[in-house]
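Biologist: I am new to reading models like this one. Can we go through it strand by strand and then look at the helices and the ligand?

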Amino acid sequence: MSTQKVSDIIIEVLEQAGVQRCYGIVGDTLNHVTDSMSKSKIEWIHVRHEEVGGFAAGTDALLSGHLTACAGSCGPGSLHFINGLYESHRNRAPVILIASQISTEMAGFIDFPQYVDFKSVYAKNSVFCEEITQPSQARHIMSMACQAALTKRGVAVVIVPANISEASAEAGLPFVPRQTHPDILPSQFELKQIVELISQHQKIGIYAGAGCEDAHDQLVAFAEKLKAPVAHTSRAKDFVEYDNPYNMGMTGIFGNKAGYHTLMDCDLLILLGADFAWAQYYPSHAKILQIDIDPTHLGRRHPITLGAVGKISSTLNALLPLLETRQERAFLDHCLELKHHSDETRHKEERVGKDGLIHPQYLVSLLNRYADQDAIFFGDGGSPMVWVLRHIDVNGKRRTFTSLLHGTMANAMPQALGAQKAFPKRQIIALCGDGGLAMLLGDLLTTIQEKLPIKIVVFNNSSLNFVELEQKVEGMLDHYTDLVNPDFGKLASVIGLHGQTVTHGAGLEQAVEQFLKHDGPALLDVHTNPMELVMPPDPNLNQVSSTSLYAIKALMSGRVDDVKNLLVNNFIK
Ligand SMILES: Cc1ncc(C[n+]2csc(CCOP(=O)(O)OP(=O)(O)O)c2C)c(N)n1
Ligand SMILES: [Mg+2]
């Protein structure tokens with residue numbers, strides 16, 4: 001009977017499932033797998049920290065549409081992926097981790113060095129998590145892992161002990177990973193119920209989520225028929241914001257008044273593929289209709305009146321012919337007026353401050369102006385994500401990514417690496433916090449080694465600013481948020497990137513323009529104003545009075561200038 005080495009089977013199944021790239025760091029327990037991979041078409045991307053590989057693989061998978069792999073050595077090696085893979089899993093990216101393990105005769109045996117129980121680490125953060133304990137299981141387990149990642153959309157983990165990967169397996173049943181693309185629609189009865197509920201309401205608000213990917217035209221036609229304002233979640237920005245006269249932007253703490261009132265003042269709220277978590281931003285009096293591809297999402301964030309399961313584009317296609325075109329647009333016009341005011345305020349913020357002070361909004365408006373029309377932007381958890389969502393305009397080709405489901409720091413540069421791998425010719429821009437970039441700084445070296453010409457902008461505010469501002473808004477004095485930074489521009493130059501540091505608003509426009517044109521990896525370190533509050537759309541009295549409380553405490557401890565700057569920058573405009 002013919003036999004095949006398990007490591008060769010692993011790589012063969014990965015190729016059958018469409019894997020083109022694998023991110024990781026080698027190690028002894030992984031050697032047979034990497035040896036087999038080196039003879040395949042799969043490209044190995046050598047990162048400096050596995051967490052970076054976990055972030056990069058997820059973005060690569062989401063942008064390329066292909067299953068993407070990570071692989072690590074036993075113990076600390078495969079453990080290090082955890083935060084990047086948490087992010088990727090939450091973003092529903094099809095990724096497979098080959099977590100190599102110490103040989104089975106030692107595994108789990110009285111705390112053998114480097115043994116980590118990967119099942120207990122990854123089981124809850126994956127769509128599949130199994131160990132190959134017999135060579136004969138390899139093809140079956142690998143096929144089901146790839147299939148789960150592709151169809152359930154998330155991270156699959158296969159644990160492979162070193163002695164298993166080098167063993168030979170007899171040819172067994174020819175399992176292969178399968179992927180299908182079913183169209184899912186509510187039943188005819190449910191469609192009728194939806195139409196009836198819509199017909200009973202006048203002030204309709206639409207809240208569009210990431211489920212609206214591929215549904216832009218249907219969504220605009222739906223809003224047009226109902227004369228309904230459309231608010232969107234952060235993850236739906238790229239699919240909803242452009243060419244849409246009904247777009248109101250976002251609600252929630254990063255949103256604006258138009259988005260907020262679209263949800264709060266309607267009498268029927270229609271959730272389309274939206275799973276926004278914050279209950280305080282849902283209306284208390286309105287009826288809620290929810291359509292989502294995932295049945296478990298129905299009513300999980302807020303009680304609803306009616307729910308249906310369906311792909312948003314197909315469901316809207318089915319609903320559109322059943323709906324009358326409305327003429328009444330008072331609610332829409334009110335929201336449009338609010339949107340107009342929010343846009344004006346937004347543009348007013350995009351300026352150089354007194355004495356050349358660089359407002360982060362100004363920096364992002366320049367990136368917005370000079371970036372390519374199909375650029376891909378990444379914002380670090382922290383304040384950069386807010387500026388990306390508010391000040392980058394999309395157009396159907398640009399993409400924006402922020403970490404809002406996992407809410408992690410340090411995602412932007414690693415995710416940009418993965419995006420540049422998926423799209424070598426597109427302009428990839430990472431907007432990084434000074435705290436975020438420093439967290440995974442070692443992988444700046446990956447831009448050189450892997451020849452990835454990403455553009456990195458550092459929002460250098462010498463602080464963990466998002467948290468500092470949270471502390472102030474809660475009326476506390478800020479603690480433990482200071483950062484003592486190097487000159488990031490010089491640091492980048494030393495390791496081989498194009499690096500520049502800008503401290504004054506006067507030279508910023510030219511610097512941004514040239515930096516974006518640079519042919520190779522580049523880093524622009526920009527000293528930005530640390531006193532920029534991220535105000536929610538309807539700041540309630542509580543927050544304003546808490547900020548005043550901070551002001552009183554800061555004054556009492558002699559921090560007069562801090563208070564003055566905070567007031568001037570945020571309240572006296
Ligand atoms: C891995 C991780 N650690 C800590 C936090 C808590 N946190 C959220 S934002 C933030 C500050 C980010 O600072 P920086 O990257 O400098 O960006 P800034 O807000 O200053 O622009 C912190 C500490 C987190 N979200 N993720
Ligand atoms: Mg910072």
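Biologist: In E13, what is the bridge partner of Ile-270?

Modeller: This is a predicted model: local features need pLDDT of at least 70, side-chain atom pairs count only at pLDDT 80 or more, and totals for chains, interfaces and linings use all residues. Residues are numbered from 1 along each chain as its sequence is written, while chains are lettered from A and ligands numbered from 1 in the order in which they are written. Helices (H or I, at least four residues) and strands (E, at least two) are DSSP runs, numbered from the N terminus. Five bridges join the parallel strands E12 (residues 268-272) and E13, and in E13 the partner of Ile-270 is Leu-289.

Biologist: Which residue of E12 does Ile-206 stand opposite?

Modeller: Two strands pair if DSSP finds at least two bridges between them. E9 and E12 pass that test with five bridges, in the parallel sense. Opposite Ile-206 stands Ile-270.

Biologist: How many of the residues of E12 are buried?

Modeller: Buried means 20 or more other C-beta atoms within 10 Å of a residue's own; 12 or fewer is exposed, and in between is partly exposed, with C-beta atoms placed from the backbone. Leu-268, Ile-270 and Leu-272 point one way, Leu-269 and Leu-271 the other, and all are buried. So E12 is largely enclosed by the rest of the structure, and the buried count is five of the five.

Biologist: Which strands stand at the edges of the sheet?

Modeller: Six strands form an open sheet with parallel pairing, in the order E11-E10-E9-E12-E13-E14. A strand at the edge has a single partner strand, so one side of it is left without a neighbour in the sheet; the two edge strands are E11 (247-249) and E14.

Biologist: What angle does helix H12 make with the direction of E11?

Modeller: H12 (residues 257-264) packs on the sheet, touching E9, E10, E11 and E12. Contact means C-beta atoms, placed from the backbone, within 7 Å of each other. Axes are lines fitted to C-alpha atoms, for helices over the stretch in contact, and angles run from 0 to 180 degrees between N-to-C directions. Here the angle is about 110 degrees.

Biologist: What is the bridge partner of Gly-433 in E18?

Modeller: Start with E17 (residues 428-433): six of its six residues are buried, so it is largely enclosed by the rest of the structure. E15 (residues 376-379) pairs with E17 in the parallel sense over four bridges. E18 also runs parallel to E17, joined by five bridges. In E18, the partner of Gly-433 is Phe-459.

Biologist: How wide is the arc covered by the buried residues of H20?

Modeller: The buried residues are Asn-465, Phe-466, Glu-468, Leu-469, Lys-472 and Val-473. The arc is that of the directions from the helix axis to the C-beta atoms. They sit on the same side of H20 because their arc is only 160 degrees.

Biologist: And for H21, what is the arc of the buried residues?

Modeller: Phe-488, Gly-489 and Ala-492 are the buried residues of H21 (residues 488-495). They lie on the same side of H21, because they cover an arc of only 105 degrees.

Biologist: How many C-beta neighbours does Leu-524 have inside 10 Å?

Modeller: Leu-524 lies in strand E20. Leaving out residues up to four places away in sequence, it touches Val-457, Gln-500, Val-502, Ala-511, Val-512 and Phe-515. Leu-524 counts as buried because its number of C-beta neighbours is 27.

Biologist: How many charged residues are in the shell around ligand 1?

Modeller: A residue is near a molecule if its C-beta atom, placed from the backbone, lies within 6 Å of it. Of the 19 residues around ligand 1, Gly-382, Gly-433, Gly-435, Asn-465 and Phe-466 come nearest. Ala, Val, Leu, Ile, Met, Phe, Trp, Tyr, Cys and Pro count as nonpolar, Asp, Glu, Lys and Arg as charged, and the others, Gly among them, as polar. The shell has six nonpolar and 11 polar residues, and its charged residues number two.

Notes. Two residues are in contact if their C-beta atoms, placed from the backbone, lie within 7 Å.
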